[in-house]
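Hi everyone, thanks for coming.

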Amino acid sequence: MRDATYRRRVGAVRPSHLMFTSGVGSLVDLPNFAVLVRGLDDWNYTNAHGWERIDEPRLLEAVRQNKRNRRVKELRPAPWTEGMEANPGGPASLVGVPTLPFPGCFRCTACNDLGSLDSGAFAFENTNPRRPHEARFVHNVSRHPGRKPLAVSARFVLTCANGHLDEFPYVHFVHQGASCAKASHPSLQMDDRGGNIGANVELTCVSCGAHRNMRWASGERGQDNLPRCRGRHPHLRRFEEGGCDARPKVLVVGASNQWFSQVLSALALPPAGAGLEGLVDKHWEEAFAALPPNPEFLAYARTTVPALRQFEQWDDATLSAAIAKVRAAKEGQAQEEEQGQGYPDLRTPEWKVFSSPDLPDPTEDFALRSVTAELPASLKGVFSDVLQVERLREVRALTGFTRLEAPDPDDPELVTSAPLARVEPEWIPASEVRGEGIFLRVPEELLAAWEKKVTGSEAMGLHRQAYATYRANRVPPHRRSGFEPMRFWPGERYIALHTLSHLLIRTIALDCGYNSASLSERIYASGDADDPRGGILIYTAVPDAEGTLGGLVSQAEPDRLPRLVRRALHEAMRCSSDPLCAERLPQAQADFLHGAACHVCLFVSETTCERGNRFLDRRFVVPIGSPDLALYPELP
Ligand SMILES: [Zn+2]
Ligand SMILES: [Zn+2]
Ligand SMILES: [Zn+2]
Ligand SMILES: [Zn+2]
Ligand SMILES: [Zn+2]
């Protein structure tokens, strides 16, 4: 990570960290000051050697479905190059993710003077390139003869739900919204007595004597004391055209809700069978995308497009028909996206591979082994299929970010996301991880019969009602007309499968000594009669860490799985917060989307859960309440 203005390294952050925990637009709290990761326009790969673009066509195509990312041609890892340890001042030190100091307002730790970096009163110091964390600013004024005292970022910023971030307006605030009566550029002091937000921080205008405590800026009432949002995107060094109508909130620099990544993720799948359509799809970009839909062009294209040579064995009519089918599927997908139908569907092809009776040929990125035939009798009613995913590769791409609230996992427009670049980017940052997993499919007859029983139940009714209210509470003003609150409802069976997934993840973590945060889940759920789905993938995907070398896959061995499942389901029967937890139901007004579930019995870390610990309820899996509601009324 480097500061572009001061041309120095200011810290080291793991590449994966630069994507999900902090990435474009996020504030990174360094020991002595804070920096903001700049937009993609400012990233530079010129001196980065040895990096390779990340190849995952399926994900790239999904990324492009977002209007903002239509020009993206490449997925790139964060810029990084070997050699920092050997030669800290050498070329490697010039490579990194560009940042700028933000907030630009600093406080002298000796005299409490508050001022902006532009004032020239603060100087940057980084004497030792081997120790980027020692980079710091000092108060470089004649008042301090000799060694200049340390200056630190004033730790307050303004942010709004539209993804904007701005300096805290100290002058405006200390003068209660008016200007200073004594000076056009008043001198301010900040007395920071520590502690958390506001309560202990006193601001004073030295010019006129006005003073105000920062606590008047925080909370609901504090919002009335703050000016309107200016629509600032400091990572892009610009302001939103047309401004912003949101009320800003004050945050401290380290607050976890200052930035949330918006990410798309895909598993690298083997080529879709040997079928011609699969092959056409695979080579779509280089061979067919530019081809006019008129079949007459095909014969000519065969003589000019080298990528078409591998299609020589098919005649024009057969190939044309396959191209037309693939084109229609792609157009359907693009149209769905235009209409705001949600995230691109990356799960269908994955489900098809996992649920197919024929296992695909193993590739370097993907290998499945079925243990269904060896499944012990005790588990026959619980799962219809069990697969060991011996190898998998997951690629994630950062498509945007939000502030204050995490992006909604179902509806990409419910929380406004901010752009990564000033102009439409031609690449976006991505990371890839290799891992392993287990795939479990719940018998369709069981799910379908259960769905019939619970759909009309009072408990499920409350889940649905809470979902509608939750969304209605969040819909941005420009989407209020015609808003369908139940749109994107994940479905009844999602709740049961998701709960089961958490139970298994928690048991695996306990049993194998995994940190549960190193596990991820994907739920494949649909009650659609034409294409019912009911599967869970639990997998390891820990960037920059050692693989788990078969530890997770071995959990699906026929001699281990029954114990794991039995334990997970029996654990689900009780929670130390019962009866409170067991009786909990979502209440529309209370703004949460889980039933019998809590930190003690079901929740997992934010990085593990694909839905932010929503849509969980033990009563739909095991008989803690009415046995009629439980997917498994009798435990194995
Ligand atoms: Zn000072
Ligand atoms: Zn004043
Ligand atoms: Zn705003
Ligand atoms: Zn509980
Ligand atoms: Zn989850």
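Let me begin with a question: which residue is the bridge partner of V157 in strand 13? The partner is E167. Before going further, please keep in mind that this is a predicted model.

Strand 12 covers residues 156-159, and its pairing with strand 13 is antiparallel, with three bridges. Another of these pairs puts L158 opposite D166 in strand 13. The two strands make a hairpin, and five residues sit between them. If you look in the turn, you'll find G163, which has a positive phi of about 90 degrees.

Now turn to the other neighbor. Strand 12 also pairs with strand 19, again in the antiparallel sense, this time over four bridges.

Put together, we have an open sheet of three strands in the order 13-12-19, with antiparallel pairing. Strand 13 (165-167) and strand 19 (249-252) are the edge strands, each pairing on one side only. From one strand to the next, the twist averages 40 degrees.

A quick reminder for the next point: side chains in a regular strand alternate between the two faces of the sheet. So, are the residues of strand 12 buried or exposed? They are buried on both faces, with F156 and L158 on one side and V157 and T159 on the other.

Let's move to helix 2, which spans residues 57-64. Its buried residues are L59, L60, A62 and V63. Looking down the helix axis, these fall within an arc of 160 degrees, so they line one face of helix 2. And what covers them? The cover includes strand 5 (74-76), strand 20 (260-267), strand 22 (385-402) and strand 23 (427-441).

L59 touches L75, L264, A266, V395 and A397, leaving aside residues up to four places away in sequence. L59 is also among the residues with the most contacts inside the largest nonpolar core, along with L75, A397, I428, I538 and V621. That core has 132 residues. It draws at least three residues from each of domain 1 (271-359) and domain 2 (379-413 + 431-629). Apart from it lies another core, this one of nine residues, including A287, F288, L298 and L319.

That's my tour, and I'm happy to go back to any view you'd like.

Conventions: Residues are numbered from 1 along each chain as its sequence is written. Chains are lettered from A and ligands numbered from 1 in the order in which they are written. This is a predicted model: local features need pLDDT of at least 70, side-chain atom pairs count only at pLDDT 80 or more; totals for chains, interfaces and linings use all residues. A residue is buried if 20 or more other C-beta atoms lie within 10 Å of its own, exposed if 12 or fewer, and partly exposed in between; C-beta atoms are placed from the backbone. The arc is that of the directions from the helix axis to the C-beta atoms. Two residues are in contact if their C-beta atoms, placed from the backbone, lie within 7 Å. Two strands pair if DSSP finds at least two bridges between them. Axes are lines fitted to C-alpha atoms, for helices over the stretch in contact, and angles run from 0 to 180 degrees between N-to-C directions. A nonpolar core is a set of buried Ala, Val, Leu, Ile, Met, Phe, Trp, Tyr and Cys residues joined through C-beta atoms within 7 Å. Domain bounds come from an automatic or database domain assignment.
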